Amino acid sequence: MMHWETGTPKLSLGGNTTRRCPDQRSTDKIMQAFNDLPGFQQLDCTSVVCELFSDAATPMPLPKIPKVEQASPISDHPKLPISTVDDANEILPELAGKSVAPPRQGGSGVRRPGLISRLDSPIYLIPMSYEMVFDPTADMDLTYDECRIAAYLYGKTEDLNEVVFKFYELEVARGMFHSLIPKFVPHSDIVNIVVLFASLRASRETPIRFWFLPSPFAVDVLQLRPIDMIVKKYLCRWMPATTKLEKVIIPICEPSHSWYIMVVHVKQGKVYALDITKTEETMERRERNMRTIMITLSQIFKQEQNLSSFTEISPDPTTWGPINYPKGVPNQPNSNDSAVWCLYWLLNDGLLDPRRLGVMMNGKVRMKTATTIILSDWNQKKQAVDQEAEKLWGTLMRAHD
């Protein structure tokens, strides 16, 4: 039985190293492509995708049913305020006790104002006759470019295999972005692309303060992979040397697609678990898994190039005390939305900035995730998709004439 389900055993790393991670594939071809790129040294080392994406060699089609079958419909779950860890040792909830839920759109592609009516929103330029599988709302605050991309990406079509995102040898088709439609669970590749972007943005700072690790890092650790293999795979690319490390942010996924985020707050000497699906039954297992991850991180923290970040705190997080569950994080044990919460936190560069406080709007986060990925300068298909979206937009605008 996998460690995800039972919790890692109370033993040191290096035990069971023969079991293959079920959701990973070899990326020797991807890494070789990076090494062969002209001017590769100019790229940040986190640009290398290191066993980041799932087993499918071809892009995944539209999922047929939500991954969590026992959960009640998403629309039944209360919309709770988001919260974040600040430097005052606690979660600071905003708008406590309030909720904002954007209304569902009408049939046949009808665009209706959201709770925050913006009559100048470009969504009102989309003809009501244009059918979409995921309708934008005014509450999503889409820009003109985002609205064009949304219309193109989520227009009703049978062609779900068109590649709309490319990062070197990683290609993602339209169908995978359909996992962001509210009735589905976001695909893990989507989450890890957002992690990659957060890591690339963090690497621009001097000195680097945040490390963002993809979910396969936790899989490798909990599968008890040898520490030298983990260091080789992740140290440079995802954990570049720094003298001012403040936080390490690790999304963790458990079957069936229940996500939570582990935050190792070096500056505070605390470990946080941001887990909306936490229950008494899951706490012991997840805490054991997080402590296994801490053991691995301690060995990385003790590397000579990282020790300068630990002049006032032990580089061993297992000595920092109990795992903290910040006040204000919603508790929805049967929620389908744990991945959406993680996406929101990651899109806001690590969930830890008090200025980012607000209310998590499910539909807005899903749509913004899609448009952010497509319009990113790291998307090598951006120009081609933008041209096709502009052609469609021109056709839709002529429908008004």
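## Surface and overall make-up

Accessible areas come from the Shrake-Rupley method with a 1.4 Å probe, and for residues only the protein chains shown count as cover. On that basis, the accessible surface of the protein comes to about 17700 Å², and 51% of this surface belongs to carbon and sulfur atoms. This is a predicted model, in which local features need pLDDT of at least 70 and side-chain atom pairs count only at pLDDT 80 or more, while totals for chains, interfaces and linings use all residues. Residues are numbered from 1 along each chain as its sequence is written, and side-chain values use heavy atoms, with hydrogens and water left out.

Of the 401 residues of the protein, 56% count as buried, where buried means under 20% relative accessible area, exposed means over 50%, and partly exposed lies in between (1.4 Å probe, protein chains only). The secondary structure comes to 11 helices and six strands, these being DSSP runs numbered from the N terminus (helices are H or I, at least four residues; strands are E, at least two). With contact taken as heavy atoms within 4.5 Å, residues 24 or more positions apart account for 70% of the contacts with a separation of 6 or more.

## The open sheet

Four strands form an open sheet of mixed pairing, in the order β3-β4-β5-β6, and two strands are said to pair if DSSP finds at least two bridges between them. Its edge strands, each of which pairs on one side only, are β3 (210-212) and β6 (270-274). Within the sheet, strand β4 (residues 247-254) and strand β5 (residues 258-265) run antiparallel and are joined by eight bridges; proline 251 stands opposite isoleucine 261 in β5.

Helix α6 (residues 215-222) is largely enclosed by the rest of the structure, because eight of its eight residues are buried. Among these buried residues are Phe217, Val219 and Asp220. The helix is followed by leucine 224, whose phi is positive, near 60°.

Arginine 286, in helix α8 (residues 280-301), is also a buried residue, with a relative accessible area of 4%. Its side chain makes a polar contact with the side chain of threonine 277 at 3.1 Å (a pair of N or O atoms within 3.5 Å; within protein, one must be able to donate a hydrogen and the other to accept it, and residues adjacent in sequence count only if both atoms are side-chain atoms). Leaving aside neighbours within four places in sequence, arginine 286 is in contact with several residues, including Glu254, Tyr260 and Asp275.

## Cysteines

The structure holds zero disulfides, a disulfide being a pair of cysteine sulfur atoms within 2.5 Å. For cysteine 253, the closest cysteine sulfur is that of cysteine 342, and the distance of 8.9 Å is too far for a bond. Cysteine 253 is buried, with a relative accessible area of 18%, whereas cysteine 236 is partly exposed at 47%.

## Backbone details in the loops

A cis peptide bond, with omega about -5°, joins threonine 206 and proline 207, and proline 207 has its place in the loop between α5 (188-202) and β3.

Aspartate 141, in the loop between α2 (28-36) and α3 (144-153), has a phi near 55°, a positive value in a residue other than glycine, and counts as partly exposed at 29% relative accessibility. Tyrosine 168 has a positive phi near 55° and is found in the loop between β1 (163-167) and β2 (170-173), where tyrosine 168 is buried with a relative accessible area of 18%.
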